[in-house]
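I want to go through the strand pairing, the ring contacts and the charged pairs, and jot down what turns up.

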Amino acid sequence: LKNVSIVGKACSSKNGKDTLYLEGTKYSGGLHSLKKYSHHVSKKIIDVEKLDSIVSRLKVKRVDLIKIDTEGTELDVLKGAQKIFKKHHPRIICECLNEESEKEVTSLLKKFKYKVKRIDKDNILAY
């Protein structure tokens, strides 16, 4: 693909450094998170960047879709993408594993005139 760039950073609500908590088994790469859970056994400091900053730095002309599944830090990713919401109003698929997370995410997105609906037991769609 010609329109794909790999960015070796985690998305967050800030630019800088943060702690990535690592799950212990070799089959659990999808369970690492910037949020600490009991199953995390180690950690490392990594670079984090707002989606707004990444899109600006890479001179992305259009954002149509954002998919977020960050093991509990979805709201932070969204907080770092508010310029994208205003300029591009992309569709968003976002994991919300509990009612509290869904309320927080929905509240933020409604400020940008998004409609939000649950599409399965773990994810919402904002459009």
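How many bridges join strand S5 to S7, and do they run parallel or antiparallel? I looked this up before anything else, keeping in mind that I'm working with a predicted model. There are four bridges between S5 (residues 91-95) and S7, and the two strands run antiparallel.

Next I checked S6 against S7. Three bridges join them, again in an antiparallel arrangement. Arg-118 is paired with Ile-124 of S7 here. The two strands make a hairpin, with four residues between them.

Then I asked myself which residues of S7 are buried on each side. The strand covers residues 123-126, and I find Asn-123 and Leu-125 buried on one side, with Ile-124 and Ala-126 buried on the other. So both faces of S7 are covered, because every one of those four residues falls under 20% relative accessible area.

**Entry: aromatic rings**

I ran the ring search over the whole structure and got two aromatic pairs. In the pair Phe-85 and Phe-112, the ring centres sit 5.3 Å apart and the planes make an angle of 65°, so I log this pair as edge-to-face. Phe-85 belongs to helix H3 (residues 82-88), while Phe-112 is in the loop between helix H4 (99-110) and strand S6 (116-118), so the contact ties together parts that are 27 residues apart in sequence. Both of these Phe residues are buried.

The other pair is Phe-85 with Tyr-114: centres 5.7 Å apart, planes at 80°, so edge-to-face goes in the log here too. Tyr-114 lies in the loop between H4 and S6 and Phe-85 in H3, so this pair ties together parts 29 residues apart in sequence. Phe-85 and Tyr-114 are both buried. Put together, the ring pairs link Phe-85, Phe-112 and Tyr-114 into a cluster.

**Entry: salt bridges**

How many salt bridges does the structure hold? I get seven, and I wrote up three of them.

Glu-49 pairs with Lys-9, with 3.1 Å between the closest N and O atoms. Glu-49 is in strand S3 (residues 40-49) and Lys-9 in the segment before strand S1 (10-11), so the bridge ties together parts that are 40 residues apart in sequence. Is Glu-49 buried or exposed? Glu-49 is buried, at 6% relative accessible area, whereas Lys-9 comes out partly exposed at 36%.

Lys-103 and Glu-99 meet at 3.3 Å, N to O. They are four residues apart in helix H4, which means about one helical turn separates them. Lys-103 is exposed at 55% relative accessible area, and Glu-99 is exposed too, at 57%.

Glu-102 bridges to Arg-118, the closest N and O atoms being 2.5 Å apart. This one links distant parts of the chain, with Glu-102 in helix H4 and Arg-118 in strand S6, 16 residues apart. Glu-102 is partly exposed at 22% relative accessibility, as is Arg-118 at 33%. I also noted a network: salt bridges with shared partners join Lys-9, Glu-49 and Arg-57.

**Last note**

Arg-118 turned up in two entries: Arg-118 is the bridge partner of Ile-124 in S7, and Arg-118 forms the salt bridge with Glu-102.

Conventions. Residues are numbered from 1 along each chain as its sequence is written. This is a predicted model: local features need pLDDT of at least 70, side-chain atom pairs count only at pLDDT 80 or more; totals for chains, interfaces and linings use all residues. Side-chain values use heavy atoms; hydrogens and water are left out. Rings of Phe, Tyr and Trp (its six-membered ring) pair if their centres lie within 6.5 Å; planes under 30 degrees apart count as stacked, over 60 as edge-to-face and the rest as tilted. Buried means under 20% relative accessible area, exposed over 50%, partly exposed in between (1.4 Å probe, protein chains only). A salt bridge is a side-chain nitrogen of Lys or Arg within 4 Å of a carboxyl oxygen of Asp or Glu. Two strands pair if DSSP finds at least two bridges between them.
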